[in-house]
Amino acid sequence: MTRGSGEGGDTVRLLLADDHPVVRAGLRAVLGTEPGFRVAGEAATAEEAVALAAAGGFDVVLMDLQFGAGMHGAEATATITAAPDGPRVLILTTYDSDADILAAVEAGASGYLLKDAPPQELAAAVRTAAAGRSALAPSVAHRLMDRMRTPAEALTRRELEVLQLVGEGLSNLRISKRLFLSQATVKSHLVHIYAKLGVDSRTSAVAAATARRLIRR
């Protein structure tokens, strides 16, 4: 697949993946008039985005993270980026928690932007992703750097997954089934979470993690 910068190179073909029609319309209005860009398709679900990306004809997928009850955006990203010569994936979301950022980065996303990014920042990120480089919102880059500076204190991706589910009210049994772990492993993760956050209860752990934007509110 040939990718261009949109500046004297090939046209960058975009796939807009978001479950809100008004968001897709807004992105089309902003990016469709940008020199070197062509909105070549839209997807209202993550499953549809995966299918369209597999069919070919796209250079960059702008992917939301949350699609209601269906496949998660990070899961779709992992599927798309695992394909040979698949398009780049640029996450465009309202969520900036460590749990969401790590899931997207580990899934192979080329970039991560928030939906309040200015049009010029969004266009630059698309060009950066199309060229095979990383494009991170400043706040996202800052959070990743903080994790690198204090790796011993940072929650692992699995610990963040467990804590996010605790925050959603799931019991250890339900968490173990959701993540295909034993209850003993879930309890072990919680012990490590409590120690890293300096707390001694599920409620306190969720409150501390939410305040630090480690998990979604």
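**β1 and β3.** I started with strand β1 (residues 12–17) and β3, which run parallel and are joined by four bridges. I take strands (E, at least two residues) and helices (H or I, at least four) as DSSP runs, numbered from the N terminus. Two strands count as paired if DSSP finds at least two bridges between them. Across this pairing, Leu 15 stands opposite Val 61 in β3.

**Ground rules.** This is a predicted model, so to speak of local features I need pLDDT of at least 70, and side-chain atom pairs count only at pLDDT 80 or more, while totals for chains, interfaces and linings use all residues. Residues are numbered from 1 along each chain as its sequence is written, and side-chain values use heavy atoms, with hydrogens and water left out.

**Confidence.** I checked pLDDT, the predictor's confidence in each residue, from 0 to 100. The chain averages 91, and 96% of the residues score at least 70. Confidence is highest in β3, at 98, and lowest in helix α6 (residues 138–149), at a mean of 86. Residues 1–8 have pLDDT below 50, and beyond near neighbours in sequence this stretch has 25 contacts in the model. By contact I mean heavy atoms within 4.5 Å.

**More on β3.** Which way do the side chains of β3 point? Val 60 and Leu 62 point one way from the strand (residues 60–63), Val 61 and Met 63 the other way, and all are buried. Buried is under 20% relative accessible area, exposed over 50%, partly exposed in between (1.4 Å probe, protein chains only). In a regular strand, side chains alternate between the two faces of the sheet.

I then followed β3 to strand β4 (residues 88–93): the two run parallel, with four bridges joining them. Met 63 stands opposite Ile 91 in β4. With helix α3 (residues 73–82), β3 and β4 make a right-handed β-α-β unit. Right-handed here means that, with the strands pointing away from the viewer, the path from the first strand over the helix to the second runs clockwise.

**The whole sheet.** I read the order as β2-β1-β3-β4-β5-β6, an open sheet of six strands with parallel pairing. The edge strands, each pairing on one side only, are β2 (37–43) and β6 (135–136). Strand β5 (residues 111–114) pairs with β6 in the parallel sense over two bridges, and Tyr 112 stands opposite Leu 136 in β6.

**α4.** How many residues of helix α4 (residues 98–107) are buried? Eight of its 10 are, and the helix is mostly covered. Among the buried ones I noted Asp 98, Asp 100, Ile 101 and Leu 102. Their cover includes α3, β4, β5, α6 and α7. Just after α4, Gly 108 takes a positive phi of about 105°.

**α10 and α9.** In helix α10 (residues 202–211) I found Ala 205, Val 206, Ala 208, Ala 209 and Thr 210 buried. What covers them includes α7 (157–167) and α9 (183–197). Arg 213 follows α10 and has a positive phi, near 60°. I also looked up His 189 in helix α9. His 189 is buried because its relative accessible area is 16%. Leaving aside neighbours within four places in sequence, His 189 is in contact with Arg 158, Glu 159, Val 162 and Leu 181.

**Rings.** I found Arg 216 over the face of Tyr 95, at 3.6 Å from the ring centre. The test is NZ of Lys or CZ of Arg within 6 Å of the ring centre and within 35 degrees of the ring normal.
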